[in-house]
Amino acid sequence: MYWVVRDNGHYEVLDGQQRTLSICHYVSNAFSHNMRFFSNLQPDEKERILNYELQIYFCEGTESEKWKAII
């Protein structure tokens, strides 16, 4: 995923919005995967998902420099 570092210190998703939303929707039980909702998983399975480390690149610089990072 690629996030832009904003001038105010907050972040904006440059690439990876669909993946981010899918993770959030699954964890909030909006859909199931292989017939299993997040709420029906075993505690250790939930922990694996919630503790999974995502690889995020933080893009800084001019607008063209930020876009170069994902091309």
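Arg48 is exposed, with a relative accessible area of 56%. Here buried means under 20% relative accessible area, exposed over 50%, and partly exposed in between (1.4 Å probe, protein chains only). The model is predicted: local features need pLDDT of at least 70, side-chain atom pairs count only at pLDDT 80 or more, and totals for chains, interfaces and linings use all residues. Residues are numbered from 1 along each chain as its sequence is written, and side-chain values use heavy atoms, with hydrogens and water left out.

Arg48 forms a salt bridge with Asp44 (3.9 Å, N to O). A salt bridge is a side-chain nitrogen of Lys or Arg within 4 Å of a carboxyl oxygen of Asp or Glu. Both residues lie in helix 2 (residues 43–50), four residues apart, about one turn of the helix. Helices (H or I, at least four residues) and strands (E, at least two) are DSSP runs, numbered from the N terminus. Asp44 is partly exposed at 48%.

The count of salt bridges is three. Glu45 pairs with Arg36 at 2.7 Å, N to O. Glu45 is buried at 18%, whereas Arg36 is partly exposed at 32%. Arg6 bridges to Glu12, with the closest N and O atoms 2.5 Å apart.

Three strands form an open, mixed sheet in the order 2-1-3. Strands pair if DSSP finds at least two bridges between them. Strand 2 (11–15) and strand 3 (57–59) are the edges. Strand 1 (residues 2–5) runs antiparallel to strand 2, joined by four bridges. Tyr2 stands opposite Asp15, and Val5 partners Tyr11. Five residues separate strands 1 and 2 in a hairpin, where Gly9 in the turn has a positive phi of about 90°.
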